[in-house]
Amino acid sequence: MDERRLQLTIESRLTNVALLGGAIRSSCLAVGMDESAAGEVELAVVEVVNNCIEHAYRKTDDGQVSVSLEISDHTLRIKVSDRGRAMPPEVLATATVPTFDPGDTAHLPEGGMGLGIVKQLMQDVHYESTGGTNVLTMVRRL
Amino acid sequence: MNTGMDIVEDRIGSVVVVRVKSSRIDAAAAPAFRLALAPFVKRGLPHFVLDLSAVGFIDSTGLGALVSSLKAGTTPAGVAIAGAKDSVAALFKLTRMDKVFRLFPSDSAAASALAG
């Protein structure tokens with residue numbers, strides 16, 4: 001497969017995330033991924049970008065979030081970068097989808113699921129913070 | 001930008017069906033989604049169907065809003081999800097919320113299960 005690359009940047013507002021998600025989903029479909037796989041990639045990107053806005057920028061809208069998508073050698077590589085507050089390393093390392101008792105309504109989880117979902121959807125996820133720029137990289141084999 | 005949530009109340013037999021007409025339940029829409037569900041969860045219905053057939057995308061914040069709303073009223077076990085597209089149903093399964101909310105292919109199947 002030829003190498004292809006897309007880069008998008010939004011201002012850090014939650015209302016902008018749908019624009020990114022739609023573009024990522026369309027790009028995945030354009031390179032031959034099926035609807036299910038494209039939807040999973042959109043979900044993973046949206047979860048990471050939401051985290052950037054809510055945690056790195058603490059919902060201030062004067063930051064930027066950039067997403068680059070590269071496809072080569074049957075591998076999809078997505079980098080999400082921001083210049084907000086860095087995520088402590090243990091957050092990604094320990095992220096899982098919460099376990100719970102389905103019958104215990106009062107204690108059902110309402111949040112804290114995003115990175116655990118991303119780790120289930122991608123083969124590799126890693127995070128670096130260097131010189132004020134935070135980059136989360138996700139890799140998925142096609 | 002309008003982030004309001006378009007929800008319509010319907011009924012199949014004796015079962016209330018709440019139809020979400022918006023195509024996206026994401027972090028931007030989650031507060032409006034929670035607000036739109038409030039009248040239903042506070043009414044004390046024993047159960048109802050939530051028709052998600054028009055929804056093409058839901059993220060974990062949207063799902064969290066659903067969980068949060070329903071914890072405030074009707075028990076989640078009394079809510080049947082109808083018509084979820086594959087991508088929407090996938091999130092319920094990934095998060096194991098399909099063990100909390102029963103998923104049905106159609107509103108009529110969900111209403112039958114609740115009425116029975």
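Select chain B and show its surface: the accessible area comes to about 4,600 Å², and 53% of that area belongs to carbon and sulfur atoms. Such areas come from the Shrake-Rupley method with a 1.4 Å probe, and for residues only the protein chains shown count as cover.

The model is predicted: local features need pLDDT of at least 70, side-chain atom pairs count only at pLDDT 80 or more, and totals for chains, interfaces and linings use all residues. Residues are numbered from 1 along each chain as its sequence is written, chains are lettered from A and ligands numbered from 1 in the order written, and side-chain values use heavy atoms, without hydrogens and water.

Next, select B:Asp107 and B:Arg19, whose side chains meet in a salt bridge (2.8 Å, N to O). The term means a side-chain nitrogen of Lys or Arg within 4 Å of a carboxyl oxygen of Asp or Glu. B:Asp107 lies in helix H4 and B:Arg19 in strand E2 of chain B, so the pair ties together parts 88 residues apart in sequence. B:Arg19 is buried at 13% relative accessible area, while B:Asp107 is partly exposed at 21%. Buried means under 20%, exposed over 50%, and partly exposed in between (1.4 Å probe, protein chains only).

Now select B:Lys71 and A:Glu110, another salt bridge (2.8 Å, N to O). This pair crosses between chains.

Finish at A:Glu42 and A:Arg25, joined by a salt bridge at 2.4 Å, N to O.

How values were computed. Helix = DSSP H or I, 4+ residues; strand = E, 2+ residues; numbered from the N terminus.
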